[in-house]
Amino acid sequence: MNKHDGSSHGKAKLAGGINTQLSHLGRDPSEFHGFVNPPVVRASTVCFPDVESMEDTSEMRFTYGLHGTPTTDALCSAIDALERSAGTVLVPSGLAAVTLPILAVIEPGARLLVPDNVYGPTRRFCNETAAQWGIEVIYYDPLVGAGIAELMQGGGKPILFVEAPGSYTFEMPDLSAFLAAAKQVSAVTMIDNTWATPLLYQPIPAGFDFSIQAGTKYMGGHSDLLIGSISANEAFWPALKDTHRNLGLQAGTEEAYLTLRGLRTMNVRFERQERAALEMASWLQTQPFVTRVLHPGLPNDPGHALLKTHFGGRSSGLFGFELAGSLAQARILLNSLTLYGLGYSWGGFESLAVLAQISALRTVRPWDGGPLVRLSIGLEDVADLQADLLNGARAADLPVNV
C-alpha cells in the first residue's frame, strides 16, 4: 500500500455543511495544475528514482497501481472524511465490500452472526465460502434486540454482521443494543450501511469496527459503475489494509473517478429521492392493491422509532410493499410498468422495481406474506411514478384508488 492510504491524503478534515463537504472533499486543485477534479490516472507500473527507493518504499507516495493512485486516494480521502474513519479501501463491488472485512478478521472456530434478512449474495458467501473454512454461521432475527447477547455466548470469536435496515423487508434493528452486547464479549462488529449512507448514519463514531458501502448505489448514483468501500476504526484499520493488499483487490480507476463525481451531487439526489419515496410510500398505503408498505420512514412502521433514534428519522429512496394479489398478478403488474426499470441495485437516477423472491432465503424469520415488490425511487416526477403503478395494477386486474 502507498504511505498515504486512507485519511492522510487531500482535504480529509474539511469543515462545513454536508453539501460543502461533498463539493470539496477528495480534491486539491493545487496538486494538479489548478484543475478542479483529480485526473483519471490509469496506472500499473511506478518507476522509482533509484534502487534504494525500491528497497525502502517508506518515502514513496505510490509504489504500484494496485496499491493506489491519485484517483483512488482522492476517493478514499473523501469517504474517510464522510465516515470519520481511520482508513478506507476500495474494492470492485458492493459484495466484495461485504466479504473483505469478514476475511480480515475470521479465524478457525469463529462464529459469524448474520441477520436472517441479509442481502442474498451475502448469505450465499456465508453458506458456500465461509462455511468451507470451518466458520460457524448463525442467522439471527434482525428484531432480536438485546437478545443478540445470548447468541454471542460460547464457542469461538464472535463476529457480528448487521444490515440496517434489511434491503428487501426493511426491518430496522436496534443498533445500540447490538453494539452494547458486542462490547461485552469483545465481538468484532461490521455493518452494511448502504441504505442509509454516511449522510444518515456514521457507523465508526457510533461504535462499529467496520462500515461497508456499495458505492454502486447512492455514491455513484448513475447506474454506470460497480464499486465498494470499507472503512475501519483505528483498531482494525491495519488488518483491513493488509487483507486488501494480500488479496490483490482494488477498484478500477474509472470507477473511482465516476464515484468521486457522483459524490458531488449525492446529498442533493438523496434528499430528493428520500422525499419522493416517502410520498410514494404514503400514497401506496391508500391503495387497495397494497396489503402493507415496508418503509421505516413511515410513522406507523414498526421500525420508525429506531429509525428516529439511529438515523434521525431520515430515510432513503428504497422500500417495499406487499401486494394484495397473486404472484401471477405481481408479474403482470411489473411487466406492465414503463417508467420503472426491472433491475437490481438502487440509488440511481432512474426508478427500479424488483419482484422479491425471499421465502427460500429465510430460516429464522420466515416471510409468510404475499408477493413482495421492492421499489427504488429515482428522480422522476412522483405523479408519473404513481400513474405508472396504477396502470400496472389495472393491467393485473387489481383494484385501485384514483
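This is a predicted model: local features need pLDDT of at least 70, side-chain atom pairs count only at pLDDT 80 or more; totals for chains, interfaces and linings use all residues.
Trainee: How are helices α3 and α11 oriented to each other?

Mentor: The axes of α3 (residues 70-83) and α11 (residues 253-264) come within 8 Å and cross at roughly 40°. Angles of 65 to 115 degrees would count as roughly perpendicular and those under 35 degrees as roughly parallel. The two helices are therefore oblique.

Trainee: How many nonpolar, polar and charged residues are in the contact of α3 with α11?

Mentor: From α3, the residues T71, T72, A74, L75, A78 and L82 take part, and they meet T253, A256, Y257, T259, L260 and L263 of α11. Sorted by class, this contact has eight nonpolar, four polar and no charged residues.

Trainee: Which residues does T69 touch, not counting residues up to four places away in sequence?

Mentor: T69 lies in the loop between α2 (51-55) and α3. With a relative accessible area of 2%, T69 is buried. Leaving out residues up to four places away in sequence, T69 touches V41, A43, F62 and T253.

Trainee: How is α4 oriented to α10?

Mentor: Helix α4 (residues 94-105) packs with α10 at an angle of about 110°, and their axes are 9 Å apart. Because angles of 65 to 115 degrees fall into one class, α4 is to α10 roughly perpendicular.

Trainee: How many nonpolar, polar and charged residues make the contact of α4 with α10?

Mentor: On the α4 side the contact is made by L100, L103 and A104, and on the α10 side by A239, L240, T243 and H244. By class, the residues are five nonpolar, two polar and no charged.

Trainee: What kind of aromatic pair do Y140 and F178 form?

Mentor: The structure holds six aromatic pairs. In the pair of Y140 and F178, the ring centres are 5.6 Å apart and the planes stand at 85°. Planes over 60 degrees apart fall into one class, so this pair is edge-to-face.

Trainee: Which elements does the pair of Y140 and F178 link?

Mentor: Both partners are buried, Y140 with a relative accessible area of 2% and F178 with 0%. They are 38 residues apart, and the pair links distant parts of the chain. The elements are strand β3 (residues 136-140) for Y140 and, for F178, helix α7 (residues 175-184).

Trainee: What kind of pair do the rings of F210 and F236 form, and how many residues apart in sequence are the parts that it ties together?

Mentor: The ring centres of F210 and F236 are 5.4 Å apart with planes at 55°, so the pair is tilted. Both F210 and F236 are buried. F210 lies in strand β6 (residues 210-213), whereas F236 is in the loop between β7 (228-232) and α10 (237-246), so the parts tied together are apart in sequence by 26 residues.

Trainee: Which residues form one aromatic cluster?

Mentor: Here the rings belong to a tryptophan, a tyrosine and a phenylalanine. The cluster consists of W195, Y201 and F311.

Trainee: Which residues does D388 touch, not counting residues up to four places away in sequence?

Mentor: D388 lies in helix α15 (residues 382-395). Its relative accessible area is 4%, so D388 is buried. With residues up to four places away in sequence left out, D388 touches S336, L337, T338, L339 and Y340.

Terms used: Residues are numbered from 1 along each chain as its sequence is written. Side-chain values use heavy atoms; hydrogens and water are left out. Axes are lines fitted to C-alpha atoms, for helices over the stretch in contact, and angles run from 0 to 180 degrees between N-to-C directions. Helices (H or I, at least four residues) and strands (E, at least two) are DSSP runs, numbered from the N terminus. Angles under 35 degrees count as roughly parallel, over 145 as roughly antiparallel, 65 to 115 as roughly perpendicular and the rest as oblique. Contact means heavy atoms within 4.5 Å. Ala, Val, Leu, Ile, Met, Phe, Trp, Tyr, Cys and Pro count as nonpolar, Asp, Glu, Lys and Arg as charged, and the others, Gly among them, as polar. Rings of Phe, Tyr and Trp (its six-membered ring) pair if their centres lie within 6.5 Å; planes under 30 degrees apart count as stacked, over 60 as edge-to-face and the rest as tilted. Buried means under 20% relative accessible area, exposed over 50%, partly exposed in between (1.4 Å probe, protein chains only).
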